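These are my notebook entries on one chain. I record what I looked up, entry by entry.

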Amino acid sequence: MITAEEYRFLSELVHRQSGLSLGTGKEYLIESRLPAVAANFGFPDLSRMISALRAGLSPQVVKPLCDAMTTNETVFFRDTKPFDVLRTDVLPAAALRARALGRP
């Protein structure tokens, strides 16, 4: 279990490096996703990895750490319905409104 200070440190690191904001109550994500990253880099646990990151000793861990924290969901792009509606309904209606206002 990570401490509140470790969570704050990792949250800020992830936000600085990737723009991902981990709000309060997301400790479970860190605790479920990052032990594998720690193990891949030879750390016995998350606390040791965090200590090394704080000391600047393991910059090569940052990218895999951020990658592990992101949810790489692509189902949205596989669902064609939203894009069909955009093409057939939303964009044509927006173009008609723009033309009615004298805009190209």
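I noted the basis of the entries. The model is predicted, and local features need pLDDT of at least 70, side-chain atom pairs count only at pLDDT 80 or more, and totals for chains, interfaces and linings use all residues. Residues are numbered from 1 along each chain as its sequence is written, and side-chain values use heavy atoms, with hydrogens and water left out.

Entry on the fold. I found 6 helices and 0 strands in the chain; helices (H or I, at least four residues) and strands (E, at least two) are DSSP runs, numbered from the N terminus. The C-alpha trace spans about 65 × 25 × 25 Å along its principal axes. Buried residues make up 26% of the 104 residues.

Entry on the core. I looked up the largest nonpolar core, which has 23 residues; such a core is a set of buried Ala, Val, Leu, Ile, Met, Phe, Trp, Tyr and Cys residues joined through side-chain atoms within 4.5 Å. Helices α1 (4-18), α2 (27-40), α3 (46-54) and α4 (62-69) each supply at least two residues of this core. Met49 is among the residues with the most contacts inside the core. Leaving aside neighbours within four places in sequence, Met49 is in contact (heavy atoms within 4.5 Å) with Leu34, Val37, Ala38, Phe43, Val61 and Leu65.

Entry on charges. I counted 5 salt bridges in the structure, each a side-chain nitrogen of Lys or Arg within 4 Å of a carboxyl oxygen of Asp or Glu. Arg54 pairs with Glu5, with the closest N and O atoms 3.1 Å apart. This pair links distant parts of the chain, since Arg54 lies in helix α3 and Glu5 in helix α1, 49 residues apart. Glu12 pairs with Arg8 at 2.6 Å between the closest N and O atoms. Glu12 and Arg8 are 4 residues apart in helix α1 and therefore separated by about one helical turn. Glu5, Arg8, Glu12 and Arg54 are linked in a network of salt bridges.

Entry on helix α6. Which residue forms a salt bridge with Asp84? I found Arg87, at 3.2 Å from N to O. Both lie in helix α6, 3 residues apart. Arg87 is exposed, with a relative accessible area of 54%.

Terms used:
Buried means under 20% relative accessible area, exposed over 50%, partly exposed in between (1.4 Å probe, protein chains only).
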